[in-house]
Amino acid sequence: MDWEVFWVENYHIEGGVPLRGEYRVKGAKNSALPILAATVCRGGVYEIYDCPRIGDVFAMVEILNSLGAKTKWEEECIVVDSRNVSEFAVPEHLMAEMRSSVFLMGSLLVRSGEAQIHKPGGCKIGKRPIDIHISGLEQLGFEVGTEEEKVFCKGVCHGGKITLPYPSVGATENLIMAALAGDGDTIIQNCAIEPEIVDLQGFLRSVGFQVFGAGTDTVFVKGARGLKRNLGTPKMYFLLEDRIEAVTYMCAVVGTRGRAVFRNIRPSIINEVIKTFERMGVEVRSCENMVEIWCGKTLKSPGIIVTQPYPGFPTDCQPQLMSLCTKVKGLTTIREEIFESRFTHKNDLINMGADIEICGKNAIIKGTDFLRGKEVEARDLRGGAALVIAGLMAEGETVVKGTFHVQRGYEDLEKGLKSLGGLIEKKREKT
Ligand code: EPU
């Protein structure tokens with residue numbers, strides 16, 4: 001009997017080489033996704049610069065195309081022409097590819113007064129419900145209905161004052177967009193304050209909407225129902241830098257006891273991570289838009305790390321930090337407060353020689369002297385990045401499978417690490 005053969009891409013990493021050099025941080029995935037969704041709010045031609053070429057962005061672009069937009073990649077930007085968007089329903093198979101398509105509820109409501117999505121399922125890092133999005137939309141005046149996995153939304157937004165029960169990043173972004181559909185004004189309280197929300201506000205303002213207060217816990221949105229639907233002239237927008245990409249590379253540099261300069265990263269947006277590095281004994285020098293790190297001495301545990309909404313320690317950097325802490329002196333406790341099951345990388349790290357114990361939300365990591373290369377499997381985006389870092393820190397060869405998870409959020413990770421001297425190749429192999 002002939003077995004079907006599938007081709008997959010795996011990272012092959014030869015560990016133990018200190019990474020050195022300079023890296024320019026790319027545009028942020030978590031800005032690109034809501035801003036691409038926001039191009040639907042007003043018909044127009046948008047040039048979005050520094051947009052990362054990653055799996056999640058490709059999925060969002062496919063959704064925009066399915067709604068009637070035209071998109072094309074140019075050298076440094078993606079061009080979205082949303083003038084002919086005519087659909088209001090996001091196809092199920094595309095929705096399944098990426099949970100962030102939930103943002104399209106807000107932008108489609110502004111454009112068409114109607115939106116239909118499919119409930120994004122849970123993912124490897126937790127259940128990830130959308131109840132805060134739905135109750136926020138209802139409070140704004142929309143009618144929201146569900147039928148099996150479909151969510152429909154339409155009606156007139158009257159605005160008003162709403163308070164989120166939890167500062168959800170996605171719900172804050174979705175509701176800012178939805179509130180633009182209104183006649184009246186909206187005040188959203190207890191918002192998330194991540195820099196990517198400020199970036200979305202920047203984009204919306206650049207195309208004529210009035211949104212104020214992003215980056216604080218209260219956002220004011222001026223209803224824009226009467227605003228002309230189509231923009232006359234093309235708009236350019238430069239995305240915020242990806243603070244999580246920056247920290248991922250920094251962890252790889254620290255993990256291999258190297259030294260590197262990072263350009264296009266403001267230290268202020270990774271402050272909590274820099275403080276954690278400094279507690280570990282990492283040397284950090286920074287100015288307005290640059291961070292340099294190096295390891296002068298033996299690294300020690302940073303103690304307790306608790307993931308929190310911004311400006312706290314980011315959950316999206318937790319797995320990478322865990323890899324780092326497997327090889328420093330002392331005991332580290334990492335408490336994951338945002339997602340239920342974001343320790344998917346733990347078993348593979350243990351297999352590589354790490355000493356990790358999980359007690360509920362806490363991972364307790366006892367530093368060891370070395371990790372050994374193994375065959376491991378990425379099960380989610382940041383967990384996969386953590387395994388790549390562990391591979392660079394380990395003795396011998398590590399093969400990381402499931403690289404499509406990593407490619408959802410990192411553009412050419414292997415090329416970037418190679419440019420710093422890392423011995424890593426992406427190989428196409430049979431399953
Ligand atoms: N939550 C609810 N109900 C909701 C919405 C959220 O219970 O209606 C819960 C979630 O299940 C989770 C917590 O609230 O436990 C935080 O979720 P949030 O809505 O803040 O996250 P998100 O918008 O789904 C964004 C990023 C994530 C990042 C989180 C937290 C994007 C596209 N995604 O997700 O990024 O981890 O904020 O900072 O912006 C990643 O890049 O690897 C990633 C997962």
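Helices (H or I, at least four residues) and strands (E, at least two) are DSSP runs, numbered from the N terminus. The model is predicted, so local features need pLDDT of at least 70 and side-chain atom pairs count only at pLDDT 80 or more, while totals for chains, interfaces and linings use all residues. Residues are numbered from 1 along each chain as its sequence is written, and side-chain values use heavy atoms, with hydrogens and water left out.

**Exercise 1.** Find the cis peptide bond and say which loop holds P311.

*Solution.* Start at Y310 and P311: the bond joining them is cis, with omega about 10°. For background, most peptide bonds are trans, and most residues other than glycine have a negative phi.

**Exercise 2.** Locate E148 and R257, and decide for each whether the residue is buried, partly exposed or exposed.

*Solution.* Step one is the backbone: E148, not a glycine, has a positive phi of about 50°. E148 sits in the loop between strand 7 (143-147) and strand 8 (150-154). R257 also has a positive phi, near 60°, and lies in the loop between helix 8 (243-255) and strand 14 (259-263). Step two is accessibility, where buried means under 20% relative accessible area, exposed over 50%, and partly exposed in between (1.4 Å probe, protein chains only). E148 is exposed because its relative accessible area is 73%. R257, at 29%, is partly exposed.

**Exercise 3.** Describe the surroundings of the ligand.

*Solution.* First, count the shell, taking residues with a heavy atom within 4 Å: there are 21, and the closest are D131, S168, D316, I338 and R382. Second, look for polar contacts (pairs of N or O atoms within 3.5 Å; within protein, one must be able to donate a hydrogen and the other to accept it, and residues adjacent in sequence count only if both atoms are side-chain atoms). A polar side-chain atom of S168 is 2.6 Å from a ligand oxygen. In the side chain of R128, an N or O atom lies 3.0 Å from an oxygen of the ligand. For P129, a polar backbone atom is 3.3 Å from a ligand oxygen.
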